[in-house]
Amino acid sequence: MTGTPHPTGIRLHAPAPGWARTADVVVVGSGIAGLTAALRCSAAGLSTVVVTKARLDDGSTRWAQGGIAAALGEGDTPGQHLDDTLVAGAGLCDEEAVRTLVTEGPGAVHRLIDTGARFDTSPTTGGIALTREGGHHRSRIAHAGGDATGAEVSRALVDAVRARAIPTVENALVLDLLTDAAGRTAGVTLHVMGEGQHDGVGAVHAPAVVLATGGMGQVFSATSNPAVSTGDGVALALRAGAEVSDLEFVQFHPTVLYLGQDAAGQQPLVSEAVRGEGGHLVDAAGVRFMLGQHELAELAPRDIVAKAITRRMREQGAAHMYLDGRHFGAEMWARRFPTILAACRSHGIDPVTEPIPVAPAAHYASGGVRTDRHGRTTVPGLYACGEVACTGVHGANRLASNSLLEGLVFAERIAEDVTAAADPARAAVPEPPPAPAHPLLPAEARHTIQRIMTEGAGVLRSAESLDRAAARLQQLHDDARRHLAEHGSTAEPGVATWESTNLLCVARVLVAAARQRTETRGCHWRQDHPERADGTWRRHIVVTLRPDRSLATSTTDSAAFPATTRPPHSAHSRPQEQ
């Protein structure tokens, strides 16, 4: 299934770059994964540039409420953390990748603290205060500011990046990967929005590119993800010929604040930690319906809780369930969950005196661009970490608060590999790009895609719903191609049309994988195949994009990922070898 990647020759319609700069490595994204990689590369003496779609301090990490999981507490061990992760991953985790995560995690968290992150401490011991979340059998979640962990981690990393004066390009949407004559990474093209040091389409030439672009939650109508989470990194990697895997496993957070049937876009998250501290899931009659559903009740893994909520909603014809934390009291809400308290009150709900209406919404992509344990993709010189990547750690369902840890651990590993592979004698010389042939969708197609995906590939899936979604997505794809062929034009290049086109790309891959996986596993729930089928499907689906823009799918032999076919430290020096 792997070998020398085949560049697709596909690039987004965009003006030619009007400016360029050079670096040893360009990091795309400013969350925990991107900024950690940038800091480590810069500290190693590499010329590093950070490109981010919004402001430097506006990455997806800042939205993380729950915390960061690691075996830091007395009596806890990496082995216990590994066991909980494997259970949550429903038989599809790459065990060696998980072992890397949980073994290196505690040290990585302490290095994050050394960088300046301040976690909440225990008033009795003075050590890091650890809490428990769904799927964990131990209290191993470090948090900051009660429910503002992501904001604190982002603050510390942004301050460190600014202190090192690492060059940054803000408000920049990455477009496509540049490659040299040998097919190796040579940088990226990007579009800078608005005024600044650079404006319009430009390029950063570098022999190493680290994708840390976050998720693709905006492919659904309701999501906890910010508006910028449009799958740009996955779409870029596909056009560059990289393999993506496990895109069918989209985690729907069980408890997003329900704002009404017509609500769309980013919606407030009600963190797993509320249930971790003893919040109860109840229906309109006050019945705790998770009791008897799982040994951990409300603390069951997210896929189980999301399915239980959805099932109860369907049984009762209800649009939402409730999360009841009234027994916490006003002081605990204000101290432990100030962000959630403020968000609820801003929408007219007071958790101190009334249950919170909640429903599942798209939250996290367990799959992404396939990498090895050094973050290397199947394209030489292209790395990925964080939510955009598929390291094999999450399997079919991410364990709560493992995402920040994954970004941290694998970013450090990427920086080590980039540093070891750096060749001062080699300059990144990109080949002239082929004539762009990828039609752009109009901006309004974004909402059409979101409706198609929510109706056909949401929490509940079936052959009928997925076939219908696939046909409607293919029609959007064909219409755009036909218009380009017949009229020689496409939608006007711009942020909105590039994002719509990226969303269609990742939506097609997600639906293709979900149609092929005829079982229920983790956060992939097939109503027509309700059982887990280990004999057939304890393996990964891998997807690539052909030059004609059709999709090629294959499967791995087992839950373990095969090598990306490159020996360590070779990413910048030669093409992949079989």
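Visitor: Is Asn171 buried, partly exposed or exposed?
Guide: This is a predicted model. The relative accessible area of Asn171 is 24%. Buried means under 20% and exposed means over 50%. Asn171 therefore counts as partly exposed.

Visitor: Where does Asn171 lie, and what is its phi?
Guide: Asn171 sits in the loop between strand 7 (168-169) and strand 8 (172-179). Asn171 is not a glycine, although its phi is positive. The angle is about 55 degrees.

Visitor: Is Asp246 buried or exposed?
Guide: Asp246 is found in the loop between strand 13 (244-245) and strand 14. Its phi is positive, about 65 degrees, although Asp246 is not a glycine. The relative accessible area of Asp246 is 1%, and the cut-off for buried is under 20%. Asp246 is therefore buried.

Visitor: Which residue in strand 22 does Val244 stand opposite?
Guide: Strand 13 and strand 22 run antiparallel. Two bridges join them. The residue opposite Val244 in strand 22 is Val543.

Visitor: How many of the residues of strand 22 are buried?
Guide: Strand 22 covers residues 541-545. The strand is mostly covered. Of its five residues, the buried ones number four.

Visitor: Which residue takes a positive phi in the hairpin of strand 22 and strand 23?
Guide: Five bridges join strand 22 to strand 23 (residues 551-555), and the two run antiparallel. Leu545 stands opposite Leu551 in strand 23. Five residues lie between the strands of this hairpin. The one with a positive phi, near 70 degrees, is Arg549.

Visitor: What is the strand order of the open sheet of five strands?
Guide: The pairing in this sheet is parallel. Its edge strands are strand 7 and strand 20 (382-384), each pairing on one side only. The order is 7-3-2-11-20.

Visitor: What is the bridge partner of Val210 in strand 20?
Guide: Strand 11 (residues 208-211) pairs with strand 20 in the parallel sense. Three bridges link strand 11 and strand 20. Within strand 20, the partner of Val210 is Tyr383.

Visitor: How many residues of helix 5 are buried?
Guide: Helix 5 spans residues 232-239 and is mostly covered. Its buried residues include Asp232 and Arg239. Gly241, with a positive phi near 95 degrees, follows helix 5. The buried count is eight of eight.

Visitor: Which residues have the most contacts inside the largest nonpolar core?
Guide: This core has 69 residues. Helix 13 (residues 495-516) gives the largest share, 10 residues. Apart from it lies another core, of 49 residues, among them Leu35 and Ile414. In the largest core, the most contacts belong to Leu190, Leu211, Ile449 and Met453.

Visitor: What does Leu190 touch, beyond residues up to four places away in sequence?
Guide: The partners of Leu190 include Trp19 and Val51. Val169, Ala172, Leu173, Val174 and Leu175 are also among them.

Visitor: How far apart in space are Pro17 and Val102?
Guide: The two residues are 85 apart in sequence. The spatial distance runs from C-alpha to C-alpha. The value is 42 Å.

Visitor: Which element gives the largest share of the lining of the second largest pocket?
Guide: About 760 Å³ of space lies in this pocket. Its lining has 28 residues, and among those closest to the centre are Ala222, Gln261 and Met313. By class, 18 are nonpolar, seven polar and three charged. The largest share, four residues, comes from strand 18.

Key: Residues numbered from 1 in each chain as written. Predicted model: local features only at pLDDT ≥ 70, side-chain atom pairs only at ≥ 80, totals over all residues. Heavy atoms only, no water. 1 Å grid on protein atoms, 1.4 Å probe; cavity = no way out; pocket = protein on both sides within 12 Å on 5 of 7 lines; lining within 4 Å. Points joined across faces, edges and corners; volume = space filled by probe spheres on them. Nonpolar A, V, L, I, M, F, W, Y, C, P; charged D, E, K, R; others polar. Core = buried A, V, L, I, M, F, W, Y, C linked by side-chain atoms within 4.5 Å. Buried < 20%, exposed > 50% of the residue type's maximum accessible area, 1.4 Å probe, protein only. Contact = heavy atoms within 4.5 Å. Pairing = 2+ DSSP bridges.
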